[in-house]
Amino acid sequence: MKELPTPMLGRACRTFLALAYPEGEESIPPPKKAYGHLAPDLPLDALLIPPLCQMLRTENGECRGYALRLGSVSYPHLKLQVVWHEKSAHWVFTVDTHDNLQLDPGHPDADRLARLQAANSRLKELIERAWEAEELTTFNALLRRELNRK
């Protein structure tokens, strides 16, 4: 796996935070705010530590990427994920919305959860499109490349 470049991660974090916290930098919780100002020469091991960051591992226990719990104004568990895609030799960025929770339609929180999931889905799309505009690779961009090759 190639080392994740800090400038690339910094760009992804700035975009994520700007869109996830549209009220401005003052609305970003203090521990997360630092990810919007990553110095390009900052070593990755200083950034990728718990509780905000977790290493993503392969089945063999090797590092395949990272997840940063940067959150949003409405959902603190939203994550920026970046994984190394060996086949394309790219770092691939995605937003993990944790939206696989399902409630019985009669549950008192079902409507509220559905609204949160819809908002998270819209934010994910917005962030990932912005990353693509900045020439950061997303899973959707990889899929489009594969389809265009065939």
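Mentor: The largest nonpolar core has 32 residues, of which Phe 16 and Leu 80 touch the most other members. Such a core is a set of buried Ala, Val, Leu, Ile, Met, Phe, Trp, Tyr and Cys residues joined through side-chain atoms within 4.5 Å; buried means under 20% relative accessible area, exposed over 50%, partly exposed in between (1.4 Å probe, protein chains only). Two or more residues each come from helix 1, strand 2 (63–68), strand 3 (79–85), strand 4 (90–96) and helix 3 (110–133). Helix 1 gives the largest share, six residues. Helices (H or I, at least four residues) and strands (E, at least two) are DSSP runs, numbered from the N terminus.

This is a predicted model, in which local features need pLDDT of at least 70, side-chain atom pairs count only at pLDDT 80 or more, and totals for chains, interfaces and linings use all residues. Residues are numbered from 1 along each chain as its sequence is written, and side-chain values use heavy atoms, with hydrogens and water left out.

Contact here means heavy atoms within 4.5 Å. Not counting residues up to four places away in sequence, Phe 16 touches Leu 80, Val 95, Ile 127 and Trp 131, among others. Trp 131 lies in helix 3 and is buried, at 0% relative accessibility. The side chain of Trp 131 also reaches the backbone oxygen of Ala 12 at 3.1 Å. Thr 15, in helix 1 (residues 6–20), is buried at 9% relative accessible area; its contacts beyond four places in sequence are Ala 130, Trp 131 and Glu 134.

Note on methods
Polar contact = N/O pair within 3.5 Å; in protein donor to acceptor, adjacent residues only side chain to side chain.
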